[in-house]
2 protein chains.
Amino acid sequence: MDKIDKLVVCGVGLIGGSVALALRRARLVNRIVGVGRRPEPLAMARQLGVIDEIATDWADALDGASVVLLAMPVGQMDAVAAAIAPHLAPGTIVTDAGSTKRDVIEAIYRHLGAHLGTVVPAHPIAGAEKSGPAAAQAELYRGRKVVVTPLPENTPEAVARVREMWAACGAVLHEMSPQEHDRVFAAVSHLPHLLAFGLVHDLAGRANAEQLFSYAASGFRDFTRVAGSHPEMWRDICLANRHSLLAELDAYLSELAYLRALLLDGNGPSLEAVFADASRARNEWADKAFPATPSGE
Amino acid sequence: MDKIDKLVVCGVGLIGGSVALALRRARLVNRIVGVGRRPEPLAMARQLGVIDEIATDWADALDGASVVLLAMPVGQMDAVAAAIAPHLAPGTIVTDAGSTKRDVIEAIYRHLGAHLGTVVPAHPIAGAEKSGPAAAQAELYRGRKVVVTPLPENTPEAVARVREMWAACGAVLHEMSPQEHDRVFAAVSHLPHLLAFGLVHDLAGRANAEQLFSYAASGFRDFTRVAGSHPEMWRDICLANRHSLLAELDAYLSELAYLRALLLDGNGPSLEAVFADASRARNEWADKAFPATPSGE
């Protein structure tokens, strides 16, 4: 791909920082400028070599920018889109890394109507339960999916530029409609996060919480790993995608009502049938999706 | 510890097979005899060197037995306790590896009343989502907890013998009442398994299941790892401990009802407070419980 002369990263944490590290290592960027709400992460990102410079205002940040990556929690998308609009030069490519897409696209139409050709929404399917610049890693996106949800107004060149940026990070590119994207990720990502946060919150509030945690083992560790995720980021995701998330939560509550009835009835055959279906589906999926690590170990 | 002359393992899968491998590697057992319902796992266990011999009936198996480890699914405990009673010699130590204890102890009182001094219930807190003899590993119990729930009738010698057997596998010994054991593990083990089985079962039944799984990533992999567990074993655990499990499920359903209301109201501050509490509690626990692997990675 053509080298990016000036990359602007808004939100220099795990997601934005890892893109910066990957492109720098690939020698595909000349200057990386960080912007954000709080000075501490920016200072740490510069200290760690994730970014080269810190911009203190958007005029400065966007001056001569080639590509702008919006990688802050999605709850800030509306304010950031409004803030960059006056300073955005024609031809500057803007993309985002938000875990939800409908709300991001609404913010784009609200504030960036003059730039719809070059603002290309995307979502990298990668993360870790640690956050912040120190958690950033050049390999985070290697072999991971990135879902691009282009706007009808996007120019083919802008979409191609965003795709090649993610490809340079080692990612595998996919495209979806924003609606389909938000439905799919409510089911396989947003709901599991909500469920894990809920279980830990329930147990942590018990009088015997310390005893309970002392007997929790590797199954509990893995089940709750996503509950270690960034609270504000997940608050924003759950709110931004709450309609699809509520639909998934209600489907899951029906499943739990069914399992509860089987337990009450002591219905062993039906319980075993549910467990056997789930076990087969889960292991077939994990063996295929993580071939190097069968069953996700 | 004194070497075990003849160890009888009923159920030569992950749990029983791993004890056999650990004691053999430690050179603490002369002969390991396997028993079980089906010939295939027994043949595989002998082929893999997990056991030395296969016993085809209990009279043969228990003849001269030093220690008997009952490691089959807990649903078989009543039948097995009844079957061994007529052949059990005084002085033979019997223990189990069941994940629930109240039901196991009821079976012991029903059928082994003449042997209460030497029948010592226990539960190793270790597992993997793979099962069967091929999954057995000598290191499975290294550093893991084993909870012994002694009967008032147990002799100190019998309890000591069972404790040292597990210690020889590398385990850390704990003691609890059966009631407390079953309450604690309903919360930190049995409920998470039920929840993971339920989520995978829900999604696997969808018309677009293949698409959903294709976008599931490492968070989903870890959240659902326990859903790859042995269906019959978990059917038995859920039925055996269903009163404590239902109490935990209902507490969790209240938590989900609260989270659902927060989503409906778009209550960001309260959602973030729940997520922040959970994230802090989970990461503090994981950093302490798995120091070599912070946050459970």
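Mentor: Begin with the elements: helices (H or I, at least four residues) and strands (E, at least two) are DSSP runs, numbered from the N terminus. In chain B, B:Thr155 sits in the loop between β8 (145–148) and α6 (156–168). This is a predicted model, in which local features need pLDDT of at least 70, side-chain atom pairs count only at pLDDT 80 or more, and totals for chains, interfaces and linings use all residues. Residues are numbered from 1 along each chain as its sequence is written, chains are lettered from A in the order in which they are written, and side-chain values use heavy atoms, without hydrogens and water.

Trainee: Is B:Thr155 buried, partly exposed or exposed?

Mentor: Buried means under 20% relative accessible area, exposed over 50%, and partly exposed in between (1.4 Å probe, protein chains only). B:Thr155 counts as partly exposed because its relative accessibility is 30%. From B:His87 it is 68 residues apart in sequence and 20 Å apart in space, C-alpha to C-alpha.

Trainee: How many helices and strands does chain A have?

Mentor: Chain A has 12 helices and 9 strands. Of its 297 residues, 59% are buried.

Trainee: What does the radius of gyration tell us about chain A?

Mentor: The radius is taken over C-alpha atoms, and the globule rule is 2.2 Å times the number of residues to the power 0.38. For 297 residues a compact globule would have a radius near 19 Å, and the 21 Å of chain A agrees with that. Along the principal axes, the C-alpha atoms of chain A fill a box of roughly 70 × 40 × 35 Å.
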